[in-house]
Amino acid sequence: MYQVVRALPTDKDMVSSDREQVLVSLPKHLLGAPVLVLNLNYVPINICTGRRAIVLVAKEKAETLDNYQATIHTVRKPVNIPSVIRLAYMVKRPYAPRKISKKEIFLRDQYTCQYCTLKTSELTLDHVIPRIQRGPHTWENVVAACSACNLRKAGRTPLEANMRLLKEPRIPQPNPYRILENYSMIDPWLPYVPWSMQEAERIR
Ligand SMILES: [Zn+2]
């Protein structure tokens, strides 16, 4: 069985002499480099700094899967700056439930019109049961639609408009890859990031 913990280890978990051994004389710009942190099961769980990554690896709380082309010198030996690390244990992390918004609907529907399957960044929100018929603003009643389909459907239900939904709209599953949303991908991270995420980045 894997040990399951609720939080990532922090610098506070180690005594200051541990920290000093690892961190003496590291150049600052490399210490801040973003490092992709994978859970034991290879699912991204966090982005940390080069500094944190080096400490985690030195403490054997993580293994390095990929390195930046840079080395820093500690008092003991040269250390590579990791670009991807994998934790040595499983971290169980509750992902916040998602609030409904334009962006979230587009992400759930993979930037695809749910009527004609057009993939575009020019999407609108469509209420499946229209607002005018008291359709609610919920995950189950809101989909991404291109403006042509939205215009065509107007204030009608799909049945009335003789239009079919690609799939039944649902509340999306919590998505662990959301931690990557505000970061630009770097090459060593890509093998650990599902294709759809990269696609969404490109279209946006
Ligand atoms: Zn469409």
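Y111 counts as buried because 20 C-beta neighbours lie inside 10 Å, a residue being termed buried if 20 or more other C-beta atoms lie within 10 Å of its own, exposed if 12 or fewer, and partly exposed in between, with C-beta atoms placed from the backbone. The model is a predicted one, in which local features need pLDDT of at least 70 and side-chain atom pairs count only at pLDDT 80 or more, whereas totals for chains, interfaces and linings use all residues. Residues are numbered from 1 along each chain as its sequence is written.

Y111 lies in the loop between α4 (102-108) and β7 (123-127), where helices (H or I, at least four residues) and strands (E, at least two) are DSSP runs numbered from the N terminus. The phi angle of Y111 is near 55 degrees, a positive value in a residue other than glycine. T117 is likewise found in the loop between α4 and β7, and its phi, near 70 degrees, is also positive in a residue other than glycine. T117, however, counts as exposed, because it has 10 C-beta neighbours inside 10 Å.

For the protein chain as a whole, the secondary structure comes to seven helices and eight strands, and 24% of the 204 residues count as buried. Among contacts between residues at least 6 apart in sequence, 62% join residues at least 24 apart, two residues being in contact if their C-beta atoms, placed from the backbone, lie within 7 Å.

The largest nonpolar core has 17 residues, and those with the most contacts inside it are V35, V37, A53, L56, V57 and I85; such a core is a set of buried Ala, Val, Leu, Ile, Met, Phe, Trp, Tyr and Cys residues joined through C-beta atoms within 7 Å. At least two residues of this core are supplied by each of β2 (34-38), β3 (44-49), α3 (50-58) and β5 (78-87), and the largest share, five residues, comes from α3. When its neighbours within four places in sequence are left aside, A53 is in contact with V35, C48, P82 and I85. A second, separate core of 14 residues includes Y111, together with Y115, A145 and C146.

Towards the other end of the numbering, M185 is placed in the loop between α6 (158-161) and α7 (195-203). M185 counts as partly exposed, because it has 13 C-beta neighbours inside 10 Å. Although M185 and P34 are 151 residues apart in sequence, they are 10.0 Å apart in space, C-alpha to C-alpha.
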